[in-house]
Amino acid sequence: MIKQIALTFDDGPNTTVTPLVLDVLKQYGIVATFFLVGDNINEQSSLSARRAVEQGCMIENHSATHSDMSKMSREEFIAELNRTDKLIEDICGRTPKFFRPPYIAVSAEMYDYTDKTFICGLGADDWDDAVSVSQRTDRILEQLSDGVIILLHDSKDNFKTVEALKRIIPEALSRGYEFLTVEGLFAAKNITPQKGVLYSNVLA
Ligand SMILES: [Zn+2]
């Protein structure tokens, strides 16, 4: 059976690292999913998000203000999601189906506030500049298995993750992995996303 995974990137879009990530994806002919922060979407950065969509990537919702949403009221929570949904709809005409909670902070109530599917993922602490390119690469590669969602960051200064990607992607391809969007991964595995689940592997 073919092994399939989803690469995901949080905290964009921007005009520095997002385009470099897209260059690497394009070089290897693969797609990924970008979880956008509404506050980071402006006239310039939206061009990076638009380019992602043009390359076959998908853009999803990572809140508007990148706050801990587990402490928000229903109204505050919905306002956050709606604001970023609208910005993403303006870019690509599609309403996000997936949500990554900032800091992976979740409460039981949050699942009742939205029909979006909650996504976590397996990461490499790549928000921490002290984690080297080699450490990022090794941590991701050792976590690879069929159905996994990989969590990385295309934050505006995160050039180390761009370098790590140049090692991770060819190695994963050589191990026989196919890269899909998060939505594509659920579809390929014939999994219907469930409410109340925080997915890091669609098969788990
Ligand atoms: Zn984030």
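The paragraphs below go through a predicted model, from its metal site to its backbone exceptions, a helix pair and its salt bridges.

Three residues coordinate the zinc ion: Asp11 through OD, His62 through NE2 and His66 through NE2, at 2.0 to 2.2 Å. Along the sequence these donor residues follow the spacing D-x50-H-x3-H. Histidine 62 and histidine 66 are both buried. Water is not among the atoms, so the site may look incomplete.

Next comes the backbone. Most peptide bonds are trans, and most residues other than glycine have a negative phi. The bond from glycine 12 to proline 13 is cis, its omega being near 5°. Proline 13 belongs to the loop that runs between strand S1 (3–12) and helix H1 (17–28).

Another loop, between strand S4 (98–99) and helix H4 (110–113), holds tyrosine 103. Tyrosine 103 is not a glycine, yet its phi is positive, at about 60°. The loop between S4 and H4 is also the place of isoleucine 104, a residue other than glycine whose phi is positive as well, near 50°. How exposed are the two side by side? Tyrosine 103 has 58% relative accessibility and therefore counts as exposed, the cut-off being over 50%. Isoleucine 104, with a relative accessible area of 28%, is partly exposed.

The helix pair H5 and H6 can be described next. Two packed helices are described by the angle between their axes and the distance between the axes. For helix H5 (residues 133–143) and helix H6 (residues 159–174), the angle is about 40° and the axes are 8 Å apart. Their crossing is right-handed. On the H5 side the contact involves Val133, Ser134, Arg136, Thr137, Ile140 and Leu141. On the H6 side the partners are Lys160, Thr161, Glu163, Ala164, Arg167, Ile168, Glu171 and Ala172.

Salt bridges are the last topic. The whole structure contains 16 of them. In one, the side chains of arginine 51 and aspartate 23 meet at 2.7 Å, N to O. Arginine 51 sits in helix H2 (residues 45–54) and aspartate 23 in helix H1, so this pair ties together parts that are 28 residues apart in sequence. Arginine 51 is partly exposed, with a relative accessible area of 23%, and aspartate 23 is partly exposed at 38%.

Aspartate 68 and lysine 71 form another salt bridge, with 2.9 Å between the closest N and O atoms. Here aspartate 68 is partly exposed, at 27% relative accessible area, whereas lysine 71 is exposed, at 68%.

A further bridge involves helix H6. Glutamate 163 and lysine 166 meet through their side chains at 3.1 Å, N to O. The two residues are 3 apart in helix H6, which means that about one helical turn separates them. Glutamate 163 is one of the H6 residues that meet H5. At 36% relative accessibility, glutamate 163 counts as partly exposed, and lysine 166, at 38%, is partly exposed too. Elsewhere, salt bridges with shared partners connect Glu60, Arg94, Lys97 and Glu183 in one network.

Technical notes. Residues are numbered from 1 along each chain as its sequence is written. This is a predicted model: local features need pLDDT of at least 70, side-chain atom pairs count only at pLDDT 80 or more; totals for chains, interfaces and linings use all residues. Side-chain values use heavy atoms; hydrogens and water are left out. Donors are N, O and S atoms within 2.8 Å of the metal (3.2 Å for Na, K and Ca); water is not among the atoms, so sites may look incomplete. Buried means under 20% relative accessible area, exposed over 50%, partly exposed in between (1.4 Å probe, protein chains only). Axes are lines fitted to C-alpha atoms, for helices over the stretch in contact, and angles run from 0 to 180 degrees between N-to-C directions. Helices (H or I, at least four residues) and strands (E, at least two) are DSSP runs, numbered from the N terminus. A crossing is left-handed if the near helix is turned anticlockwise from the far one by less than a right angle, and right-handed if clockwise. Contact means heavy atoms within 4.5 Å. A salt bridge is a side-chain nitrogen of Lys or Arg within 4 Å of a carboxyl oxygen of Asp or Glu.
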